[in-house]
Amino acid sequence: MGHDRIKCSGEVDCFVFRVRLCGVCRVSRDWQSPTCHAIILIERQQLSARGDEMSKTDGRRRLAGYLGPVTPQWIKTTYNILYSRWRLINNCIYDYRFFRRWSGLPRLAPSRISLRALITMNYHRIEKGLSLREPRPGFGKYHIEKLVRDLHSYIDRFGPDQTIVVAVNVLREYLEFNRRHDSVDQAIREQIEALQERVAKLPVCDERGGSIELTRAQIQEAGMIDLHRFFASRHSVRHFSHEPVPRQLIERAVAMAQSTPSVCNRQAWRVYCFQDPDTKRAVLAHQNGNLGFGEQASWVFVITCDVAHFVSVGERHQAWVDGGMFSMSLLHALHSLGLGACALNWSREKEADRALRKTAAIDERDVIIMLAAAGHLPEKLRVAQSARKHLHEVMIDGDERRARRGRTA
Ligand SMILES: Cc1cc2nc3c(=O)[nH]c(=O)nc-3n(C[C@H](O)[C@H](O)[C@H](O)COP(=O)(O)O)c2cc1C
């Protein structure tokens, strides 16, 4: 991809990128193909958002351009190996610092979000216990004492909110369960009742929490849809119609995606939604896989996870798991509403990460999971076939593999 600096209509200084695009699907594919090309003007305003990131990359590219033809291949390979290792270490330090600074790892005064995450974790433990086939009477005493302490501390420091009410409802159900089984621990009962009394005086409304009884028929009736057809008809769409997508439709999709399961129901995800054309352009300018279609999208999303919800070292990757699952739900929700969408990778390094955070005003505690573009489908469109691997490459017979490797229980 070459670029020249030109004067554009006497007003703005622009870069011109000459990009070869596939003539059929309009996705950059075959850089050598002479069949078609597009010229994309990126105004300086947009370019400045990428500032440092661009200039560093440009510098390296220029250097590679000068030295490339005269440098032996073994030096280039060695350089690439060493340089990528250096970048890896550098980016790992960036991730480490980020998690240490913003996560919910133990600290003297946990943030509101982290304390809320701990409360949710512990009340959800009780919900899980109550939903077992045969809950053990009196289970979870240690976690309940911790939960009650955290709830008092939360109300003292931040006041009451939905989390408190849900937690107290769960504790109420726990107490009722133990009353039915004649297994009430006196100290726990007193602690829960004191908390209930405190919450009863607070100006917060009742919310759900605890467990509910369902029948197989209820679940199956709602769940047995033709999911094979639904999955098979979702494609990454890289061609959108001009018709704008109303905000209500996006809200419905996000609300649906909220049903995604998450670790201890912590729901750390967030989705930053953009429809302003300038902002969309500026956001997409940081992403490297939307060329030829990003600008047609009615909405652009940045999906993130707030790491303050993750409270131990073992949870350091949880943001990508929960955020990734939420992202998939969002794509499916958009599909179910008849919209087209394309996931957009955020496989970028720290400089790009910092730049996008700035442009999109991402909260400092949020880790960026991925981007996505969505819009109405045109009457006719092409999609990539994206052939899938054979089932046997994905589905491993674990028992047979273990036996082959001579593992015993
Ligand atoms: C996390 C993620 C990032 C992706 N990033 C891009 C991207 O930057 N640009 C793009 O055109 N497609 C992107 N895709 C779409 C994939 O190319 C596509 O999902 C895959 O080829 C399967 O095709 P399908 O979605 O049509 O089933 C991404 C998909 C995922 C899950």
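**A strand between ligand and core**

Modeller: Start with Ala374. Leaving aside residues up to four places away in sequence, Ala374 touches Val245, Ala297, Ser298, Trp299, Leu334, Leu339, Gly340 and Ala341. Bear in mind that this is a predicted model.

Leu339, Gly340 and Ala341 are among those contacts, and strand E6 spans residues 339-344. Strand E7 covers residues 366-376. E6 and E7 run antiparallel and pair over six bridges. Within that pairing, Leu339 sits opposite His376 of E7.

How enclosed is E6? Five of its six residues are buried, so the rest of the structure largely encloses the strand.

Now the core. The largest nonpolar core holds 67 residues. Ala341 and Ala374 are among the members that touch the most other members. Ala167, Val300, Leu330 and Ala372 belong to that group too. Helix H5, residues 162-180, supplies the largest share of this core, with eight residues. Domain 3 (112-200) and domain 4 (235-376) each give at least three residues to the core. In soluble globular proteins, nonpolar side chains tend to be buried together.

Then the ligand. E6 gives the most to the shell around the ligand: three residues. Cys342, Ala343 and Leu344 are in that shell. Asn345 and Met370 also lie around the ligand. By class, the shell has six nonpolar residues, five polar and one charged.

Conventions: Residues are numbered from 1 along each chain as its sequence is written. This is a predicted model: local features need pLDDT of at least 70, side-chain atom pairs count only at pLDDT 80 or more; totals for chains, interfaces and linings use all residues. A nonpolar core is a set of buried Ala, Val, Leu, Ile, Met, Phe, Trp, Tyr and Cys residues joined through C-beta atoms within 7 Å. A residue is buried if 20 or more other C-beta atoms lie within 10 Å of its own, exposed if 12 or fewer, and partly exposed in between; C-beta atoms are placed from the backbone. Helices (H or I, at least four residues) and strands (E, at least two) are DSSP runs, numbered from the N terminus. Domain bounds come from an automatic or database domain assignment. Two residues are in contact if their C-beta atoms, placed from the backbone, lie within 7 Å. A residue is near a molecule or strand if its C-beta atom, placed from the backbone, lies within 6 Å of it. Ala, Val, Leu, Ile, Met, Phe, Trp, Tyr, Cys and Pro count as nonpolar, Asp, Glu, Lys and Arg as charged, and the others, Gly among them, as polar. Two strands pair if DSSP finds at least two bridges between them.
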